[in-house]
Amino acid sequence: MKKSIDEHAARFSDHAADYDESQDSPEYRACADLVVGHADPAAGDVVLDVGTGTGAIAFGVAADAARVLGRDISEGMLERAGEKATERGVENVEFGEGRFRDPQVPEDTAVDVVTSNFAMHHLSDDEKRDAIEAVAGLEPRRIVLGDVMFFGEPNPEDPFYSPEVDDPATVGILADAFTDAGYALTAVEMVSEQVGVLVAEPRD
Ligand SMILES: C[S@@+](CC[C@H](N)C(=O)[O-])C[C@H]1O[C@@H](n2cnc3c(N)ncnc32)[C@H](O)[C@@H]1O
């Protein structure tokens, strides 16, 4: 059985201190760089980064955006992200509790761009559909999803897919979920057979 949201939160909190050092593979770097590049916020934009972890994407877009909301379920990861913001003197990133289906966006805040990197694959496919619907409901002009996703046959021998903790979707299932939420894919980047970046924009 896959893990519950609380189990994922605890698992990531346990690894928060050494998380950044563990993310040094070329695939991880390539995926994160593509997410930041496609997010491409304008100077006045608010970016919501869901599953922000220690803030790799949030910090990556902060210099170009007005404000970044980094949301996560893991207290330990959020604590480390906050420490990094202080160490780096970054003042326009706000880290706090929030999840895909309830990202805790302040009521008076319009979100322009939503990003997420290596986080959604922890959800079941039905939950991913709900998550995509929820972030699409914020009406951003772009959603950038970098994640473990299957371009071909799943292979647990390849990096980034451990069936006991991960539940990636096929690219087709994700594309359908975006379509059903009123968004169309404007870019599909294949980093490897099991890692990709999808960019979605409103169909109208
Ligand atoms: C592999 S880390 C990725 C962190 C960061 N985005 C990066 O690129 O380094 C996955 C993160 O997603 C968070 N996460 C898992 N399920 C989530 C959910 N339903 N809502 C929000 N965050 C979630 C975990 O707590 C963890 O911090």
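Helices (H or I, at least four residues) and strands (E, at least two) are DSSP runs, numbered from the N terminus, and two strands pair if DSSP finds at least two bridges between them. This is a predicted model, in which local features need pLDDT of at least 70 and side-chain atom pairs count only at pLDDT 80 or more, while totals for chains, interfaces and linings use all residues. Residues are numbered from 1 along each chain as its sequence is written.

**View 1. A hairpin of two residues joins β7 to β8.** Strand β7 (residues 183-192) and strand β8 (residues 195-202) run antiparallel and are joined by eight bridges. Within this pair, Ala184 stands opposite Glu201 in β8.

**View 2. Val61 and the residues that it touches.** Leaving aside residues up to four places away in sequence, Val61 touches Val36, Ala39, Pro41, Val47, Val68 and Thr115, where contact means that the C-beta atoms, placed from the backbone, lie within 7 Å.

**View 3. The shell around the ligand has 23 residues.** The closest are Gly51, Gly53, Ser74, Arg99 and Ala119, and a residue is counted as near if its C-beta atom, placed from the backbone, lies within 6 Å of the molecule. Helices α1 (5-14) and α4 (56-62) each supply at least two residues of this shell, and α1 gives the most, with four residues.

**View 4. The whole protein, with seven helices and eight strands.** The C-alpha atoms fill a box of roughly 45 × 45 × 30 Å, taken along the principal axes.

Conventions: Two residues are in contact if their C-beta atoms, placed from the backbone, lie within 7 Å.
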